[in-house]
Amino acid sequence: MQRDIYTADHEAFRDTVRTFLEKEVLPHHERWEQEGVVSREVWRAAGRQGLLGLAVDPEYGGGGTDDFRHSAVLIEEFARAGASGLALSLHNDIVGPYLTRLATGEQKRRWLPGFTTGETITALAMTEPGAGSDLQGIRTTATDQGDHYLLNGGKTFISNGILADLVVVVARTTPEGGSSGQSLLVVERGMDGFERGRNLDKIGQKAQDTAELFFDDVRVPKANLLGAENQAFSALMANLAQERLAIAVGAAAAAEHVLELTMTHVKEREAFGRPLARLQHIRFEIAEMATECAVTRSFVDRCITEHSAGRLDAAHASMAKWWATELQKRTVDRCLQLHGGYGYMTEYRVARAFLDGRIQTIYGGTTEIMKEIIGRSLLG
């Protein structure tokens, strides 16, 4: 069916993103996967192409649009290209809202120009070894010392952890922490006591640097408090809907693309003297996956439209996230099976999609947490 959520402006932006991927990303992605990190230059190239800070005020070099559909276009094209290393959505759609909505004028002048040019790469540090989806279990502490906080603790599984110049850290600023005792502190590269651990060895998304972060008596100036003290939890909850929708958008696009690749494969691959596509079982498999992708696409597109209009709630964002990511996992697994032995070879896109996509049902809140959020919204 014809998609009707995008305008000519969005499609022109899609052409820009595809050109950027073809020129600046895909020729280098295999090397980045071997190195475990993308180059800083590709971030600057993204900035020059206007792909960073889409929602940032033009005063600071941004795109000045709160239309999430531009972000959705970017996410879709990166998903279809299999370019998992360059975490532009993390920068734009997850970290960006904290800076644009919570930062003071002075903080915006300090941080946003570099954010939009790619000179300043960002990360969000929530997850800890003992606290993943349960944000109220965070143990990292920030003790008030008058003109600064003394930050102590550690974070893990932090995307952009190696490259990040600014890290938005969630920390306890009261002894009990929890939903009424957490704050957001911006830790900058080079602060004494801020150390990065190893670049973690993941099963997929090899080019995306993911690290452990350690804070040992880091003196964080009060000027780096983002938003109000002890109000981090509400800010986190407000921004999670967009984060989960962004993941859902990428999941739906990835599932559709792998299905397209598989349709080509079964038309070309022969077994018992005829193309696989002539076998009824194969046709039924393709029919089922195509239908599931089409139904999912309809719901995700509706969520994009609702979010762009400011109406998407946490429950529907959670529905989109769990459904689309589980669909992606299921579709890629079935498509790999239809590739036979070739599907197990990493030179084939379906094998890389199998490894890269497995995290989708885990980060941004696990499928189980999504169901809990939905259930609470319905039953109280």
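Tutor: Start with strands and helices. Both are DSSP runs numbered from the N terminus: helices are H or I with at least four residues, strands are E with at least two. By that rule Asp217 is found in strand β7, residues 210-221. This is a predicted model, where local features need pLDDT of at least 70, side-chain atom pairs count only at pLDDT 80 or more, and totals for chains, interfaces and linings use all residues. Residues are numbered from 1 along each chain as its sequence is written, and side-chain values use heavy atoms, with hydrogens and water left out.

Student: Why is Asp217 called partly exposed?
Tutor: Buried means under 20% relative accessible area, exposed means over 50%, and partly exposed is in between (1.4 Å probe, protein chains only). Asp217 has 41%, so it is partly exposed. Asp217 also has a positive phi of about 50 degrees, although it is not a glycine.

Student: What makes Phe272 count as buried or exposed?
Tutor: Its relative accessibility is 83%, so Phe272 counts as exposed. Phe272 sits in the loop between β9 (270-271) and β10 (274-275). Its phi is positive too, about 55 degrees, and it is not a glycine.

Student: Why does Thr140 count as buried?
Tutor: Thr140 has 1% relative accessibility, so the label is buried. Its place is in the loop between β1 (122-125) and β2 (141-144).

Student: How do you know that the side chains of Thr140 and Glu128 make a polar contact?
Tutor: A polar contact is a pair of N or O atoms within 3.5 Å; within protein, one must be able to donate a hydrogen and the other to accept it, and residues adjacent in sequence count only if both atoms are side-chain atoms. The Thr140 and Glu128 side chains are joined at 2.7 Å. Contact in general means heavy atoms within 4.5 Å. Leaving aside neighbours within four places in sequence, Thr140 is in contact with residues including Glu128, Leu151, Lys155, Val170 and Arg172.

Student: What makes Thr262 buried?
Tutor: Its relative accessibility is 0%, so Thr262 counts as buried. Thr262 lies in helix α7. Its side chain reaches the backbone oxygen of Val258 at 2.8 Å. Beyond neighbours within four places in sequence, Thr262 is in contact with Ile286, Cys335, Leu338 and His339.

Student: What makes the second largest pocket a pocket, and what is its volume?
Tutor: On a 1 Å grid over the protein atoms alone, a pocket is an open set of points with protein on both sides within 12 Å along at least five of seven lines; lining residues have an atom within 4 Å of a point. Its volume is about 470 Å³, where volume is the space filled by probe spheres set on the points. The lining holds 16 residues, with Met1, Arg3, Glu256, Ala294 and Arg297 nearest the centre. Helices α7 (232-268) and α8 (280-308) each supply at least two lining residues. α8 gives the most, with 7.

Student: How do you know which domain covers residues 123-218?
Tutor: The name comes from UniProt, in an unreviewed entry: "domain: Acyl-CoA oxidase/dehydrogenase middle". Such annotations may be inferred rather than shown by experiment. Over residues 123-218 the chain is 0% helix and 50% strand, with end C-alpha atoms 17 Å apart. UniProt also places "domain: Acyl-CoA dehydrogenase/oxidase C-terminal" (unreviewed entry) at residues 233-379. That span, 233-379, is 76% helix and 3% strand.

Note on methods:
1 Å grid on protein atoms, 1.4 Å probe; cavity = no way out; pocket = protein on both sides within 12 Å on 5 of 7 lines; lining within 4 Å.
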